[in-house]
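Load the model in your viewer and keep the selection tool at hand. The stops below run from the whole chain down to single atoms.

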Amino acid sequence: MRQVDGLATTKPRKRRVFRKKNVPAAIQSAPLAAPVVSNNFQDLDDEIRQLRSQLAKKLQLQNAQLRKMLERFDR
């Protein structure tokens with residue numbers, strides 16, 4: 001430990017060095033397949049509406065199932 005103005009301090013940490021493991025060149029150079037993103041905002045808005053609708057239906061179904069389960073305990 002070092003002393004700075006009477007206070008004990010530690011040495012600054014060294015940065016970690018990450019080394020590549022022995023991976024075959026074919027795997028290293030394979031490009032990652034990026035998902036295709038539509039630039040058309042209308043298509044994205046439609047997809048968002050569909051997903052929201054699906055989510056709302058699932059939540060309504062789950063709520064109905066939970067109500068039935070709670071009715072068993074209320075009797």
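pLDDT is the predictor's confidence in each residue, from 0 to 100. You need it here, as this is a predicted model.

**Stop 1: colour by confidence.** Select the whole protein chain. Its mean pLDDT is 77. Of its residues, 57% reach 70 or more. Now select residues 25-28, helix α1. Confidence in the chain is lowest here, at a mean of 56. Where pLDDT is low, the predicted coordinates should not be read in detail. Move on to residues 41-74, helix α2. Here confidence is highest, with a mean of 94.

**Stop 2: switch to cartoon.** The protein chain holds 2 helices and 2 strands. Follow the sequence and the order reads β-β-α-α.

**Stop 3: show the surface.** What share of the 75 residues counts as buried? The figure is 0%, where buried means under 20% relative accessible area. The accessible surface of the chain is about 8600 Å². Carbon and sulfur atoms account for 56% of that area.

**Stop 4: go to the start of α2.** Select Asn 40 and Gln 42. A side-chain oxygen of Asn 40 comes to within 3.2 Å of the backbone nitrogen of Gln 42.

**Stop 5: pick out the salt bridge.** Show the side chains of Asp 46 and Arg 49. They form a salt bridge, with 2.7 Å from N to O. The count for the model is 1 salt bridge. How far apart along helix α2 are Asp 46 and Arg 49? They sit 3 residues apart, so about one helical turn separates them.

Terms used: Residues are numbered from 1 along each chain as its sequence is written. This is a predicted model: local features need pLDDT of at least 70, side-chain atom pairs count only at pLDDT 80 or more; totals for chains, interfaces and linings use all residues. Side-chain values use heavy atoms; hydrogens and water are left out. Helices (H or I, at least four residues) and strands (E, at least two) are DSSP runs, numbered from the N terminus. Buried means under 20% relative accessible area, exposed over 50%, partly exposed in between (1.4 Å probe, protein chains only). Accessible areas come from the Shrake-Rupley method with a 1.4 Å probe; for residues, only the protein chains shown count as cover. A salt bridge is a side-chain nitrogen of Lys or Arg within 4 Å of a carboxyl oxygen of Asp or Glu. A polar contact is a pair of N or O atoms within 3.5 Å; within protein, one must be able to donate a hydrogen and the other to accept it, and residues adjacent in sequence count only if both atoms are side-chain atoms.
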